[in-house]
Amino acid sequence: MACIQPSRNALWRIIAKETNLKSSDGAINPLLYACQGVRYKKLEVILTTSIEKLGKAGQTVKVAPGHFRNHLMPKLLAVPNIEKFAHLIREQRKIYQPEEEEEVKVVKETMEDKMKEYETAAKRLVKAQLAFRVGINTAKFRARESKDDPIEILSPVTKDDILKEVTRQFNVQIEPDNVHLPSPLTALGEFEVPLRFPKSIPLPEGKVKWTLKVKIRGK
């Protein structure tokens, strides 16, 4: 069967030649972002091949990061939706006019895949320390009765703040239900925020529960 290009290696050669990509090139960041992350929002990708129940070659569609990372990207069935790749796909379709496009069946993400993603996220976070730099409440700081009193911050650190910073600092997106924070953090210091993951994920040796270390420092 014919597809957009004579072979999938052709697209790699065109990408390397036309864009002169390097490890520091910003054009490849979305690709790395998709590879390294664990639980992201859906990604926009351009299909290089028609895929059943997903779309036709050349179309821009949204897919789960795990599906892109594990199935579409290794076979070069899709590329990130950024201008350089979009331009290459358009130019390639002008050169190659396939009589018949290859149809690829969708491989659905299984529960086992999801559990592996949860486990990867949990193991990464349990070894990490989430850092915040915030302003302090100078009025209350000066009014402290003793040096042992906590130093209050201007804007409390909420669950939403933790979710955003976990994504930004560690390239991992966890769900609100994965973080147990009954009330915001309101002072400088180091904290251990409980995490909630499926019980089937084994805890590291010496750990009785999943936690995320959070350090709040003043600016």
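Tyrosine 118 is buried, with a relative accessible area of 17%; here buried denotes under 20% relative accessible area, exposed over 50%, and partly exposed the range in between (1.4 Å probe, protein chains only). The model is predicted, so local features were considered at pLDDT of at least 70 and side-chain atom pairs at pLDDT 80 or more, while totals for chains, interfaces and linings use all residues. Residues are numbered from 1 along each chain as its sequence is written, and side-chain values use heavy atoms, with hydrogens and water left out.

Tyrosine 118 belongs to the buried residues of helix α5, which are Glu117, Tyr118, Ala121, Ala122, Leu125 and Val126. Viewed down the axis of α5, these buried residues fall within an arc of 155° and therefore line one face of the helix, the arc being that of the directions from the helix axis to the C-beta atoms. Helices (H or I, at least four residues) and strands (E, at least two) are DSSP runs, numbered from the N terminus. Helix α5 comprises 16 residues (111–126) and reaches 22 Å from its first C-alpha to its last, close to the 22 Å expected at 1.5 Å a residue; the expected span is 1.5 Å times one less than the number of residues. The buried residues of α5 pack against α3 (65–72), α7 and β8, where contact means heavy atoms within 4.5 Å.

Aromatic pairs were assigned to rings of Phe, Tyr and Trp (its six-membered ring) with centres within 6.5 Å, planes under 30 degrees apart counting as stacked, over 60 as edge-to-face and the rest as tilted. By this rule the count comes to two aromatic pairs. The rings of tyrosine 118 and phenylalanine 197 have centres 6.2 Å apart and planes at 65°, so this pair is edge-to-face. Because tyrosine 118 lies in helix α5 and phenylalanine 197 in the loop between β7 and β8, the pair ties together parts that are 79 residues apart in sequence. Phenylalanine 197 is buried, with a relative accessible area of 11%. The rings of phenylalanine 197 and tryptophan 210 are likewise edge-to-face, since their centres are 6.0 Å apart and their planes stand at 85°. Tryptophan 210 counts as buried at 6% relative accessibility. Tyr118, Phe197 and Trp210 form one aromatic cluster.

Five salt bridges were found in a search of the whole structure, each defined by a side-chain nitrogen of Lys or Arg within 4 Å of a carboxyl oxygen of Asp or Glu. One of them joins glutamate 152 to lysine 140, with the closest N and O atoms 3.2 Å apart. This pair links strand β5 (residues 152–157), which holds glutamate 152, to helix α6 (residues 138–142), which holds lysine 140. Glutamate 152 is partly exposed at 33% relative accessible area, as is lysine 140 at 45%. Another bridge, between arginine 168 and glutamate 165, has its closest N and O atoms 2.8 Å apart. These two residues lie three residues apart in helix α7 (residues 159–170), and are therefore separated by about one helical turn. Arginine 168 is exposed at 58%, whereas glutamate 165 counts as buried at 17%.

Positive phi values were assigned to two non-glycine residues, lysine 53 at about 65° and asparagine 171 at about 55°. Lysine 53 is found in the loop between β1 (43–47) and β2 (60–63) and is exposed, with a relative accessible area of 79%. Asparagine 171 lies in the loop between α7 and β6 (185–187).
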